[in-house]
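Please work through the following exercises with the model open beside you, and try each task before reading its solution.

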Amino acid sequence: MSRTGLLGSAAKHLLLLAGVSVLCANPAAAASAPALVVEGNRLYREGNLASALEKYRAAQAADPQAAAALHYNIGNVLYRQGEFEKANEEYRLAFSARERDLTQASRFNAGNAHYSNRNWPEAIRNYQEALRLDPTDRDAKKNLELALLQMQEEQKKKQQRQDQQNQDQDENEQQKKQQKQQEKDRQRNQDDRQQSQATPPPDDQQPKEGNEKERLSREEAMRILDAMRRQDKPPTDQLKVPKPDQRPER
């Protein structure tokens with residue numbers, strides 16, 4: 001996904017350096033700048049990034065007016081070293097280049113650096129700028145689509161995590177309410193038991209001394225009454241009297 005830049009535009013950078021070298025106060029130092037860039041490009045292609053960076057820094061010191069092109073090259077070295085923030089600092093310094101293709105390439109690689117840092121908004125913004133400068137850049141279009149997709153996926157996952165956190169929070173709150181209610185119920189039951197043990201039973205349930213004797217005396221009295229009724233009971237043989245329609249004989 002990353003555009004190397006040096007492989008495709010190193011000659012252009014050398015032309016820029018050669019074109020402005022006559023404006024430098026020190027012609028000997030300016031004349032050495034293109035050679036330093038060429039050496040830096042070779043080391044870059046070989047993967048010797050630390051030495052390439054030294055050559056670019058030396059060329060930058062030798063020809064400060066070639067700053068935009070060298071910032072771009074230095075940014076590419078830092079990008080390959082995984083120093084994405086530092087690479088972006090260099091690319092930003094190349095955004096103001098007078099050469100449209102250099103500005104466009106700097107925007108593209110800045111988008112890649114932000115993409116590598118998962119900074120989707122900035123990656124998208126720089127890819128859009130690269131496409132504005134060169135609408136035919138298919139790589140910029142493809143990377144823009146990838147950055148948009150990654151940002152959407154990350155937002156979706158973030159929303160899912162938030163929803164899960166809200167659900168867990170609701171469940172915890174509900175569980176706390178249930179536990180609180182259960183504790184209240186247990187406390188109320190305990191209070192009821194304690195009150196039941198401490199309060200004497202009602203009068204009709206409270207045992208009274210002598211109740212048993214009173215009950216026995218009542219039963220005994222009933223037996224006596226029954227016996228008296230039996231003694232006062234009239235005889236079972238009825239008195240023989242003449243019938244109403246019969247007269248007694250004289």
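The exercises below go from the whole chain to single residues, and they concern a predicted model.

**Exercise 1. The overall make-up**

Determine how many helices and strands the protein chain has, and describe its surface and its contacts.

Solution. Start with the secondary structure: the protein chain has 9 helices and 0 strands, and along the sequence this reads as α-α-α-α-α-α-α-α-α. Next, turn to burial, where 30% of the 250 residues in the protein chain are buried. The accessible surface comes to about 17900 Å², and carbon and sulfur atoms account for 49% of that area. Finally, consider the contacts with a separation of 6 or more, of which 56% are between residues 24 or more positions apart.

**Exercise 2. A glycine in helix H2**

Is Gly 40 buried or exposed, and which residues does Gly 40 touch beyond four places away in sequence?

Solution. First locate Gly 40, which is found in helix H2, residues 27-46. Its relative accessible area is 0%, and because buried means under 20%, Gly 40 counts as buried. Then examine the neighbours: leaving aside residues up to four places away in sequence, Gly 40 touches Ala 52, Lys 55 and Tyr 56.

**Exercise 3. Salt bridges along helices**

How many salt bridges are counted, and where in the helices do the pairs Arg 42 with Glu 39, Arg 125 with Glu 122, and Lys 141 with Glu 145 lie?

Solution. The count comes to 9 salt bridges. Take Arg 42 and Glu 39 to begin with: their closest N and O atoms are 2.3 Å apart, and because the two residues are 3 apart in helix H2, about one helical turn separates them. Arg 42 is partly exposed at 33% relative accessible area, and Glu 39 is partly exposed at 26%.

Continue with Arg 125 and Glu 122, whose closest N and O atoms are 2.6 Å apart; both lie in helix H7, residues 120-133, 3 residues or about one turn apart. Arg 125 is partly exposed at 38%, as is Glu 122 at 27%.

The pair Lys 141 and Glu 145 meets at 2.7 Å, N to O, and being 4 residues apart in helix H8, residues 138-198, these two are separated by about one helical turn. Lys 141 is partly exposed at 46%, and Glu 145 is partly exposed at 39%. Elsewhere, salt bridges that share partners join Glu 39, Arg 42 and Glu 46 into one network.

**Exercise 4. A nonpolar patch and a positive phi**

Which residues make the nonpolar surface patch of about 360 Å², and what is the phi of Arg 118?

Solution. The patch of about 360 Å² is made by Met 222, Ile 224, Leu 225 and Met 228. Of its members, Met 222 is found in helix H9, residues 211-231, and counts as partly exposed at 43% relative accessibility. For the second part, recall that most residues other than glycine have a negative phi. Arg 118, although not a glycine, has a positive phi of about 60°, and its place is the loop between helix H6 (100-116) and H7.

Definitions and conventions: Residues are numbered from 1 along each chain as its sequence is written. This is a predicted model: local features need pLDDT of at least 70, side-chain atom pairs count only at pLDDT 80 or more; totals for chains, interfaces and linings use all residues. Side-chain values use heavy atoms; hydrogens and water are left out. Patches are made of residues with over 30% relative accessible area and no salt bridge: like charges are joined within 9 Å, nonpolar side chains (Val, Leu, Ile, Met, Phe, Trp, Tyr) within 5 Å. Accessible areas come from the Shrake-Rupley method with a 1.4 Å probe; for residues, only the protein chains shown count as cover. A salt bridge is a side-chain nitrogen of Lys or Arg within 4 Å of a carboxyl oxygen of Asp or Glu. Buried means under 20% relative accessible area, exposed over 50%, partly exposed in between (1.4 Å probe, protein chains only). Contact means heavy atoms within 4.5 Å.
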